[in-house]
Amino acid sequence: MIVDFTLNGETVSLEAAANETLLTMLRRNGVFGVKHGCETGECGACLVLVDGAPMTSCVMLAVQASGRAITTIEGIGGAQERGWRGSEPLHALQVSFIETGAIQCGYCTPGMILAATALLERIDRPTEAQVREALAGVLCRCTGYVKPVEAVLRAAAVLRGESVPPIGPVEAIPAPPDLFTRPGDGDDTILPETSGDSGTTSLRTRALPVMIVAPEVDTLHQVGKSSPKVDARKLVQGNPAFTDDIEHRGMLIGKLLLSPRPHALIKRIDASRARALPGVHAVLTHHDIPRVAYTTAGQSYPEPGPHDNYSLDYKVRFVGDRVAAVAAETEAIAQQALALIEVEYEDLPAIFDPRESMKPGAPILHDEPESWQIEDPQRNLAAVIEWEVGRVEDGFAQADRIFEATYYSPKVQQTPIEPHVVVTWWDEDDRLVIRTSTQVPFHARRILAPVLGLPEKRIRVIKPRIGGGFGVKQEVLLEDICAHLTIVTGRPVRLEYTRAEEFFASRSRHPMYLTLKTGVTNDGQIVANQLTSLSDTGATGGHAMTVAGNTGHKAMALYNAPNIKFHADVVYTNTPPSGAYRGYGVPQGFWALEPHIEWIAREMGFDPLEFRLKNAIKSGDEHPVSKAWSEGREGAPEYILSCGLEECIEQGAAAIGWADKFGNEDWHRVPGKPHLRRGIGVAAVMQGTAIPRLDMGAASIKINDDGSFNLLVGATDLGTGSDTVLTQMAAEVLGCTPDDFITYSSDTDFTPFDKGAYASSTTYISGRATVVAAERVAEQMRAVAAKMFNKDEDTTPVEPDDVVLHDRAAHAPDGRAISHREIALHSLHAEDQHQIMAVGSWVSPDSPPPFAAQYLTITLDTETGQITVDEMVMAVDGGVIINPVTASGQVEGGMVQALGYGHAEEMAFDAGGRMLNPRFGPYPIYRANEAPEMGVIFVETYEPTGPFGAKAVAEIPLDGAGPALANAVYDAVGVRILDAPLLPEKVWRALRAQASGADEREAAR
């Protein structure tokens, strides 16, 4: 049928099937600013304006647009003018989103801008609450909503004709000299008060972090500045930037048949009826492709984990495992074909509880002979890690008190708003092109080559813009099947997960049982610390060893006890595979460690902050675990050269008002509401920066005729702003601005190698590589400039080392200057012609940890168990912050993500291993109107091994909010709940058990 409607001000007539959604019709016709994030209207990525009202196009039939006015992001601002895109004016909202750093991955940005457009059409002076309500229909996993809210309020002011202040960081005032005073003596004014339009004092609308600046950055011009993201303009305009924003003539649609059984052999599979269906071009089963064992974990060679995956297998090991794949002309035909595949299963006993996996007689998940690097397949043991520093038994003998408890961290999903999606095709040179939403393009190419039976040189992996990753895209997940379908059909193929498939057929965080045993002397010294972990890797074990190892390596290093021991068993279960998730095992460790430390401090009468600082690792200390373990390789001593943890604890405490609240019974009570209790919680955390002596990054830079530069990096920007911060570092060295760069990342044909976006390594490793390349280019430019200066025989000779690059020019000591353009033209066209360019690579021997202190306050309803998180503040030592706005956005988004797993998120399964909540809503992630007030403080230290003194920021925000929440509940009502998440019914049961004297943990389950 033909649908006649108005699209962005133009009358159009588009063909649509009767059951086709508006989202599908728009994207099929090249309107790529409308995104697919779910099929139920709950994420808002597909939001459009229908006659000015926000509506989700994934649940609206195309025919319902008939006679209506549809506005997409392409119709906002000047995009509809269809002129040269660089000349198009932007809407005030688009400008504000760029200025405030409200864009991270950018996938949800069009939906947010459209929702805000509708709001500002109705209300020209919205309150913050109204803005949050308007944005609540658009989920964002990256930002924490602080900066998008600030962007809307800022745009509203601009549209009212008001002036707005420029974006720039604010330095903090000093912390109170005596932090550990009791109520009435403290000072909680560390964060300047900011009043929103609602007239109430709030941290919510603060788009900028508080900065305590390292003195070493005072002379820098680009580093340390809140430069707009280099790709911000295309993202606010909704330009085609993401994997699926592409059209190919003759492209087929791929779909997967997934197992309904948790553990079974495929006794018979008959695809003949599916193959006979008109419009079907391929049906693949395990009979049709080579059986090659591989790991899906995108890690450096040689990959350390089990190689226990097969593109298609004769055995299924979880509900959602692959059974067959189809490529067809349309999605409807592909779905029909899947229904025609006949499968006969032989059910096998299944294991869902990791505590049952190693018991005698347990069913074996991986009894196939081809899999390798499994620790003990007969016991379902994917990996074992054990190390010891000192002798913990001696430490326990010295202790005056020993504390032991078992904690549980659940299975949670990363939920990037862009699901996994891949497009594959043969290029004109008969090479396989894989365009994919991946964090690890170079690892993906290497891992896929033997699986596909092609040499690496015949595979090109392109990483476009990624719509969020958080570790789940550090996985070679769909690329193999999509490529197999292209290989057998010779046609381009597109394969994308639905939201439900993203939940139960991709990857998730490893659930862990963690038993901590700690010995403490009466004077408050931790003399022994032992962590025993049981980690559930699910049906496959790609990240089994490294995630569990990271739990011990990072969490057990924070408190520098003389005797530390760690043991982890990583076991298989018939549940969806676990994988990489932002924080990579460390959040699980701190979920146990920080409530444990709080418990010890309160039981022994120590001030919680003083107790932490007394035992915490300090600058100059040897990293206590560095010699014991390093990603499964032999360790080597590493020393802490920068540590701002003490000041983080002090600054965060002052910002949250710790001195006025902790121990203050009046504050804990809510006047007139005896059923409500307030609580305050803290967690001290540390993370890592890159994997030392293993992972490498590289960058290349060349100068163009006009004095601009091409920066090519293999690093993968998944919303972190890495393209921008790498550009800022290069601009600092070359004496220009980020606007002088064309930055291109992650194409295995054109960009240098990089291990990818994981392990908090991009700024540190890829940044150092970029600086090395820039320094080599600068050296060449200075040499050319010196020759040009010396043509004037009447002046003092100039040596290359005398030349200084700044303000887009080379400057001689006598004041003469030659522009970058003149240097480029001279070197390319005039004398001693050559291309000024260089490549830089970097592998670090060090892994300097960032540190942070997480604080939050809550209000708890004792009648229902409901927790409301009121404020969160995180003070972070990430070294020198290259870009404060993008870095603070990472912290804000990470805090909310971490709060989600501590407070509400959990993948739930029925008795047969089927996920019960594979959609947004039943699986709750925070919305804009639910997120608490937040503040970010950067305590800059200068890390001598990092580029410009930088360390990592991206993962550490995931470590603190969960345990700080548990500690706040403990503070509010005296109940320790050891199993995340802290759901209302769990809290309610624990409170009832406390009142009756029963075991709180058992009651809270």
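Tutor: Ground rules: residues are numbered from 1 along each chain as its sequence is written, and side-chain values use heavy atoms, with hydrogens and water left out. As this is a predicted model, local features need pLDDT of at least 70 and side-chain atom pairs count only at pLDDT 80 or more, while totals for chains, interfaces and linings use all residues.

Student: Where is N574 found, and what does it touch?

Tutor: N574 is in the loop between β22 (564-572) and α14 (586-604). Those labels are DSSP runs numbered from the N terminus: helices are H or I with at least four residues, strands are E with at least two. Leaving out residues up to four places away in sequence, N574 touches P262, H263, R317, F318, P349, A350, I351, F352 and L365. Contact here means heavy atoms within 4.5 Å.

Student: What makes the pair N574 and R317 a polar contact?

Tutor: A polar contact is a pair of N or O atoms within 3.5 Å; within protein, one must be able to donate a hydrogen and the other to accept it, and residues adjacent in sequence count only if both atoms are side-chain atoms. The side chain of N574 reaches the backbone oxygen of R317 at 2.9 Å, so the distance sits within the 3.5 Å limit.

Student: How do you know whether Q833 is buried or exposed?

Tutor: Q833 comes out at 54% relative accessibility, so it counts as exposed. Q833 is in the loop between α21 (820-830) and β30 (837-843), and it touches S827 and L828, not counting residues up to four places away in sequence. Its side chain has a polar atom 3.0 Å from the backbone oxygen of L828.

Student: And S761, buried or exposed?

Tutor: S761 has a relative accessible area of 2%, so it is buried. You'll find S761 in the loop between β26 (741-745) and α20 (762-789).

Student: Which polar partners does the side chain of S761 have?

Tutor: One is the side chain of K755, at 2.8 Å. Another is the backbone oxygen of Y758, which lies 2.7 Å from a polar atom of the S761 side chain.

Student: What makes β12 largely enclosed?

Tutor: Seven of the seven residues of strand β12 (residues 322-328) are buried, so the rest of the structure largely encloses it.

Student: How do you know which strands pair with β12?

Tutor: Two strands pair if DSSP finds at least two bridges between them. β8 and β12 run antiparallel and are joined by six bridges, so they qualify as a pair. G254, for instance, has A327 in β12 as its bridge partner. Strand β10 (residues 280-284) also pairs with β12 in the antiparallel sense, over four bridges; here V280 stands opposite A328.

Student: What makes a space a pocket, and what makes one a cavity?

Tutor: It's done on a 1 Å grid over the protein atoms alone. A cavity is a set of points where a 1.4 Å probe fits but cannot get out, whereas a pocket is an open set with protein on both sides within 12 Å along at least five of seven lines; lining residues have an atom within 4 Å of a point. Grid points are joined across faces, edges and corners, and a volume is the space filled by probe spheres set on the points.

Student: How much space lies in the largest pocket, and which residues lie nearest its centre?

Tutor: About 1,200 Å³. Its lining has 32 residues, with E20, T24, I253, E331 and R494 nearest the centre. The largest share, four residues, comes from α1.

Student: What classes do the lining residues of the largest cavity divide into?

Tutor: Eleven nonpolar, five polar and seven charged. Ala, Val, Leu, Ile, Met, Phe, Trp, Tyr, Cys and Pro count as nonpolar, Asp, Glu, Lys and Arg as charged, and the others, Gly among them, as polar.

Key
Buried means under 20% relative accessible area, exposed over 50%, partly exposed in between (1.4 Å probe, protein chains only).
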